[in-house]
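Colleague: I would like to learn how to read the features of a model such as this one. Could you take me through them one by one?

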Amino acid sequence: MPQIMKKVYLLFILISISAFSQKTFDNIQSEKLGEERRITIGLPASYESNPNKKYPVLYLLDGDYLFDPFSGALSYGNYWDDLPEMIIIGIHQNKNEERYDDTTIDQNEGLPFEKGAKFFEFIGAELVPYIEKKYRTSPFRVIAGHDVTASFINFYLYKEQPLFNAYICLSPELAPKMEVRIPEKFAKVTQPFFYYLSAADGDIKKIKEPIEKLDSNIKIANNPLVNYKYEVFKGTTHYTEVLHSIPSALYQIFDVYRPINSAEYNDKIAILETGYADYLENKYNTMSKVLGVQIPVRMSDFKVIENIILKKNAYDELGKMAEIGNVNYPKAMLGEYELGLMYEKMGDPKRASKKYQNASQMEPIGDLNKDLMYEKIDEMNTLSKKTK
């Protein structure tokens, strides 16, 4: 492994140790497999201190070597509030080459066979229910694998109701017929769905050609509900491309979670003629409904939308901003302040003063405080006298 990749890998591990301090191991007695299977569990740092919070779950095949780079990437992204906290479940498959037995398929049918069929049932019928009973999980599930295990996770797509909401396939050694079956499934998807596919330019032809066919067929299916991304990393091998893919995949899946940045502002918000407050509300509704991540509207995002509303003179939308403020911060002065700002900009200082007065009796938030409210009240009262 190149020296730079070793440093990145070490960084991921060091970050993961601090952010996933509750890393434990568990053994599950599987009736499907007729044996005990070992898993690694990574709980977010806030898991114990935030007992009402539910977390999306990331299931990792090849958990022996994928757990640390995934947990490190998640920890790094969460530090900057670009990625949400998640529960990580790593399935151990290194013992006596278990990963090859676990992924056994019928080469004619292109489906799990013998031990592979049992392992398929173990994940769906035993592991996922076990995790969801034992931990506080949201409905959003992600699964990831590398080469043979990356191919195997696609079998869950074949079910009428796919078990997972997002799939991360790192240089998959695709099973027979998979490059046709997956796009056929995508064409029928009726709910938002995420699929990440990657390869190395150093992958052998046997791996690369089916992946390229799969990519081409997915693009033909072109279902807007499928959030799809395919990447080929130059200068990488079958193994080093994994460290490039992991953060890219996570940022693709959780793109809507990120705070509003300049790219999102320029490409999605600034081009709008109206509906700025609706955009903000929809962003956080998508986080909740699609990703299973529930967080209050960030004040930084709130201010971005407030500023463009003022810039575009769309003052009536401040009423909707007040609603958003009251829902997310019911005890804070944010909602009443927005109403005061709306009436002020619409030339009604008397009503604006009343709203600022109401706000002054509530909790400060961000750069809003009692002193500012009193200043606004005095300003509005002065304007009221001038208009009489």
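Colleague: Which strand is joined to strand β3 (residues 55-60), and by how many bridges?

Modeller: Two strands pair if DSSP finds at least two bridges between them, and strands (E, at least two residues) and helices (H or I, at least four residues) are DSSP runs, numbered from the N terminus. Here 4 bridges join β3 to strand β4 (residues 87-91), and the two run parallel; within this pair, Val57 stands opposite Ile87 in β4. This is a predicted model, in which local features need pLDDT of at least 70 and side-chain atom pairs count only at pLDDT 80 or more, whereas totals for chains, interfaces and linings use all residues. Residues are numbered from 1 along each chain as its sequence is written, and side-chain values use heavy atoms, with hydrogens and water left out.

Colleague: In what order do the strands form the sheet, and which are the edge strands?

Modeller: The sheet is open and has 8 strands in the order β1-β2-β4-β3-β7-β8-β9-β10, with mixed pairing. Its edge strands, each pairing on one side only, are β1 (22-30) and β10 (226-233). From one strand to the next the twist averages 15°, where axes are lines fitted to C-alpha atoms, for helices over the stretch in contact, and angles run from 0 to 180 degrees between N-to-C directions.

Colleague: Which helix packs on the sheet and touches β1?

Modeller: Contact means heavy atoms within 4.5 Å, and helix α2 (residues 63-79) touches β1, β2 (35-43), β3, β4, β7 (137-146) and β8 (166-170), its direction making about 165° with that of β4. Helix α8 (residues 241-253) lies across β7, β8, β9 (193-200) and β10, and runs at about 160° to β9.

Colleague: What is the phi of Asp62, and is the residue buried or exposed?

Modeller: Phi of Asp62 is near 55°, a positive value in a residue other than glycine, and Asp62 is found in the loop between β3 and α2. Buried means under 20% relative accessible area, exposed over 50% and partly exposed in between (1.4 Å probe, protein chains only); Asp62, with a relative accessible area of 1%, is buried. Asn313, in the loop between α11 (299-311) and α12 (318-328), also has a positive phi, near 60°.

Colleague: How are two packed helices described?

Modeller: They are described by the angle between their axes and the distance between the axes. The axes of helix α14 (residues 349-360) and helix α15 (residues 370-387) come within 8 Å and cross at roughly 160°. Angles under 35 degrees count as roughly parallel, over 145 as roughly antiparallel, 65 to 115 as roughly perpendicular and the rest as oblique, so α14 is roughly antiparallel to α15. The contact of α14 with α15 divides into 9 nonpolar, 5 polar and 3 charged residues, where Ala, Val, Leu, Ile, Met, Phe, Trp, Tyr, Cys and Pro count as nonpolar, Asp, Glu, Lys and Arg as charged, and the others, Gly among them, as polar.

Colleague: At what angle do α12 and helix α13 (residues 334-345) pack?

Modeller: They pack at about 170°, with their axes 7 Å apart, and are therefore roughly antiparallel to each other. Among the residues that make the contact are Leu318 and Met321 of α12 and Leu334 and Leu339 of α13; by class, this contact has 7 nonpolar, 4 polar and 2 charged residues.
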